[in-house]
Amino acid sequence: AKTSENQQEKFVQTHSILDKSLQNVEEKLAPLLIREKLELLSQLSRYDQTEINLALAYSISSLYYILLRTRGENTVEHEINTELNRIKIRMGRLKIVKNKSEKPKTTVNKQVFSRVLSHEIKTNEGVRDDRKRIKSYQKDKHTRKQASK
């Protein structure tokens with residue numbers, strides 16, 4: 001008699017915890033359920049749309065998994081595991097896409113930078129020399145014009 005009372009008490013506790021968890025899920029999903037899904041999704045980016053759809057699919061599949069477990073069914077060989085794994089893979093792919101779309105951190109290769117910098121300095125010195133020659137030529141030309149007058 002005590003064993004069945006303990007089992008019944010344990011069942012009631014488990015049921016209470018499950019009920020609270022489902023109420024929590026309903027509260028979290030309430031903002032999504034109030035508005036029309038298409039209206040909500042049309043205001044979001046494609047990434048956010050995909051993220052919400054995957055989260056909803058995973059939530060529904062998880063709830064079904066929980067239902068099967070509470071009924072005592074074997075979930076290891078059930079199709080729900082395949083579906084949950086498929087959704088997890090899609091979530092992983094979405095995360096990869098997000099990471100690729102973020103700007104990569106810029107790093108400087110010091111050796112390449114020093115080669116480019118030294119090349120630019122040499123090139124600019126050559127340009128300075130050319131400018132000096134041009135100015136000198138223009139001065140000489142101007143001086144020759146004045147002397148010929």
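Modeller: Contact here means heavy atoms within 4.5 Å, and among contacts in this chain between residues at least 6 apart in sequence, 44% join residues at least 24 apart. This is a predicted model, with a mean pLDDT for the chain of 80 and with 81% of its residues reaching 70 or more.

Colleague: Which elements of the chain have the lowest and the highest mean pLDDT?

Modeller: Helix 5, residues 110-148, has the lowest mean pLDDT among the elements, at 69, whereas helix 4 has the highest, at 91. The chain holds five helices and zero strands, so that from the N terminus on its elements read α-α-α-α-α.

Colleague: Why is T75 called buried?

Modeller: Buried requires a relative accessible area under 20%, and T75, with 2% relative accessibility, falls below that cut-off and therefore counts as buried. T75 is placed in the loop between helix 3 (46-70) and helix 4 (79-101).

Colleague: Which residues does T75 touch, not counting those up to four places away in sequence?

Modeller: With those neighbours left out, T75 touches Y65, L68, R69 and N81. L68 is also one of the buried residues of helix 3. Just after helix 3, moreover, G72 takes a positive phi of about 80°.

Colleague: What makes S61 buried or exposed?

Modeller: The relative accessible area of S61 is 8%, which is under the 20% limit, and therefore S61 is classed as buried. S61 lies in helix 3 and touches I80, E83, L84 and I87, again not counting residues up to four places away in sequence.

Colleague: How do you know which helix the buried residues of helix 3 pack against?

Modeller: The buried residues of helix 3 are L54, S61 and L68, and these buried residues pack against helix 4. Helix 4 in turn has I80, L84, I87 and L94 as buried residues, and the buried residues of helix 4 pack against helix 3. The contacts of S61 include I80, L84 and I87.

Colleague: What span is expected of helix 3 and what span does helix 3 reach?

Modeller: Helix 3 has 25 residues, and from its first C-alpha to its last it reaches 36 Å, close to the 36 Å expected at 1.5 Å a residue. For helix 4, with 23 residues, the reach is 33 Å, close to the 33 Å expected on that basis.

Colleague: Why is the pair of R86 and E83 called a salt bridge?

Modeller: The cut-off for a salt bridge is a side-chain nitrogen of Lys or Arg within 4 Å of a carboxyl oxygen of Asp or Glu, and the closest N and O atoms of R86 and E83 are 2.7 Å apart, so the pair qualifies. A search of the whole structure finds one salt bridge.

Colleague: Where do R86 and E83 lie relative to each other?

Modeller: Both residues lie in helix 4, three residues apart, which is about one turn of the helix. An α-helix has 3.6 residues a turn, so residues three or four places apart point the same way.

Colleague: Why are R86 and E83 called partly exposed?

Modeller: Partly exposed covers the range between the 20% limit for buried and the 50% limit for exposed. R86, at 36% relative accessibility, therefore belongs in that class, and E83, at 27%, belongs there too. K88, found in helix 4, is likewise partly exposed, at 45% relative accessibility. The C-alpha atoms of K88 and A55, which are 33 residues apart along the chain, are separated by 9.7 Å.

Colleague: How many residues does the chain have, and what share of them counts as buried?

Modeller: The chain has 149 residues, of which 7% count as buried. The chain exposes about 13,600 Å², and carbon and sulfur atoms supply 54% of that area.

Conventions:
Residues numbered from 1 in each chain as written. Heavy atoms only, no water. Helix = DSSP H or I, 4+ residues; strand = E, 2+ residues; numbered from the N terminus. Buried < 20%, exposed > 50% of the residue type's maximum accessible area, 1.4 Å probe, protein only. pLDDT = per-residue confidence, 0-100. Expected span 1.5 Å × (residues − 1). Areas by Shrake-Rupley, 256 points an atom, 1.4 Å probe, with all protein chains shown as cover.
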